[in-house]
Structure formats: C-alpha cells, structure tokens
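Hi,

Here is the structure I promised to send over.

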Amino acid sequence: MKRILDFVWPAIGLLAVGVSLFVLYQEFRGQHIGPELWRQLRAIPPSRYLLAIASTLVAYGALAWYDRIALRHLGVTHISWAFVALCSFTTYALAHNIGASVFSGGMVRYRAYHSKGLNAAQVAVLVALCSLTFGLGTILVGGLILVFEPDQLARFGGLLPDVLTNPATAFAIGAALLILVAAYLIGSIFRLKPLIIRGFRLEYPKPDIAVRQLLAAPLELLGAAGIIYFALPAAGNPGFFVVLAVFVASFSAALASNAPGGLGVFELLFLKAMPTTPQVEVLTALLVWRLFYLILPLLFSLVVVVLFERNKLKEALHHEAGHAPTEVGGAKQPGRRQADVS
C-alpha cells in the first residue's frame, strides 16, 4: 500500500496542476496578458517592492523560529541561530517548490542536524513539531477570520458547497477551530496524555513552547500574505485582512492538492476569490509572491545545499587521508593525524 501511495500522491498533485492550469487558460484565453503583466510589474513603486521583500524576510524568519522552537522542545541548545536559520530556509525553500515535504522536511533536515549531533528520532520529532506549528497557526488564523468575518468564505462560492459559504456555518467552523487551539493549550498546561497517531507518539510541549508556536505560525502567514498585499496597487486594494483571508484559504487548498508549489491551484483560487480586483493586477501580485517566496529562495537554497555537501565531502576525504597507511622503514603502518602544537 505504501508503494502504491508513493505513486498515487504525486499523480494527484500533477493532476491538480494540470486541471488548474487548464482552467486558468480558459479564464485568460483571448487576452494578451503578457505585455500587461510587465506594465503592472514596472508600475509597482520601489517602496512597495521593499515592503514585499521585508514581508518575505518576516515569513522566513518565522519559519526559522519553527525549528528553534522544536529544538527548544528537544532540549537542544548548542546549535547557533545562524545554522538553524540557514537549515530552515533551505528546507522550506525546497519543500515549497518541490512539494516533497517528506524528503525536504525530513531528509534535508536530517542531513543538516545529524552533522550537529542529532539522531534520527530527534529529527523526526523536530519535523513533526514544525508541521504541527504550521497547522496550529493556520487553524488559529483561519478560526479568527471566520469568527470575525464569516462572510469571507462567500468569496469561494461556486468552488465550495453552499453550506460552507453560509455565514452561520462559517462562524461555527471558525469557533470549532478556535476550540481546537484552546484544547491544545489546555493539554499543554495540564500535561495531558500524549497524542498517538498511527503509532507515532507526540508529547504535549510545555506551555512556553505552545505559546511560541501560536506566535510563530501566524507571523509566517502574515509575512507571506504581506508580499501579495504590497504587490497589489493601492487603488482597488481590498485591504490586508481580505488578502490574508484569501491567502490562508488558497494556500491551504494548494498544500492539500499536493501540487508542486501549489502551481495553478493557488492562482485559480486566489483569482476566483477576488472578482472585484482586475485579474491582471492579482496575477501580477501572485507573480511577485512566487518570485520572492518561492523562486529566489529556491535558487539560493540550491547553492547552500551544494556548498554544504562540498564541505562534507572535503571533510570525508580529509578523514580518509588522515587514516591512510604510511610507509616507515619499508613497512606500511597506519597513518596518524599530526598532533596539535600550541
């Protein structure tokens, strides 16, 4: 079954990409959006680009905080902030683009943190807690949006069942989400029995860890949504709260689709949810988001991976050279590393 699922989930993701791109093609068929996109990109003031870059840094800074929180939960304190930030940045840049969260979230982190002394079990807990942090943040922000602005789900009318876009139902869903967050906090405060999911055991973290989780994850969402908000023109901009609400819903659906980078799925939902804003302006803002949040971080992360692996290879070769046999008086003897002289 596991081998079958290894093929099924990527197939579902690619299918979601194909369907979404086809729908987008139908949406823009006959429109010459290429020149208009470039005009819109040039029309964004430099100050707004700087704010979008600052939002990107906030988002990735919060993602680094995810790892730091998980390490604190594990009691690991010897790893520097710089290493954690670089590891987290590389991990998420790969995961957001490739969509292979198991590989990028687990294998890349294992490769990096193992070099700092963590074992496989510790890295598994770290990955699980980071995923839980993101999930908690999405639930918290989504719950607050639906409680204070239950009409926001109506933007997805036609894409969601009518019962979900009803304000009363949306409010109830939001309240239920906030209750889940409250239950998590209660479990942390009173140290309830651990969560056991398919044999995987996850202890409730200490209250200070739980509070950090509920601060870091919303901060990441605010930063990521801020990129789109600042890339939209001031005229006709629906406001940050609306952009945040649409972003959380579209980004969550794109992740659930398993599409690499949410390609097509994210754009389709975002465009459908903002019908009053000119579509080319929305598409331009989404292009800026993909550039700052996905493409540029991916390029930088590939450089980081290459340099890291090169250094590890050099260390391995140096280690082998230090243990190579040497000839003394015609006889081969194991080589010894030269003693340090101070």
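This is a predicted model: local features need pLDDT of at least 70, side-chain atom pairs count only at pLDDT 80 or more; totals for chains, interfaces and linings use all residues.

Residues are numbered from 1 along each chain as its sequence is written, and side-chain values use heavy atoms, with hydrogens and water left out.

Of the 342 residues, 40% count as buried (under 20% relative accessible area; exposed is over 50% and partly exposed in between, with a 1.4 Å probe and protein chains only). Taking contacts (heavy atoms within 4.5 Å) with a separation of 6 or more, 68% are between residues 24 or more positions apart.

Now for a helix pair. H6 (residues 120-148) and H8 (residues 167-189) pack with their axes 7 Å apart, at an angle of about 140°. Axes here are lines fitted to C-alpha atoms, for helices over the stretch in contact, and angles run from 0 to 180 degrees between N-to-C directions. H6 and H8 therefore count as oblique to each other, the class left over after roughly parallel (under 35 degrees), roughly antiparallel (over 145) and roughly perpendicular (65 to 115). Residues making the contact include Leu132, Leu136, Ile139 and Gly143 of H6, and Phe171, Gly174, Leu178 and Tyr184 of H8. By class, this contact has 15 nonpolar, three polar and no charged residues (nonpolar: Ala, Val, Leu, Ile, Met, Phe, Trp, Tyr, Cys and Pro; charged: Asp, Glu, Lys and Arg; polar: the others, Gly among them).

Next, H11. Eight of its nine residues are buried, so H11 is largely enclosed by the rest of the structure. Among the buried ones are Phe266, Leu269 and Glu267. Glu267 has 8% relative accessibility, and its side chain is joined to that of Arg290 by a polar contact of 2.4 Å (a pair of N or O atoms within 3.5 Å; within protein, one must be able to donate a hydrogen and the other to accept it, and residues adjacent in sequence count only if both atoms are side-chain atoms).

Last one: Arg191, in the loop between H8 and strand S1 (195-197). Phi of Arg191 is near 50°, a positive value in a residue other than glycine. Arg191 is partly exposed, at 45% relative accessible area.

Cheers

Terms used:
Helices (H or I, at least four residues) and strands (E, at least two) are DSSP runs, numbered from the N terminus.
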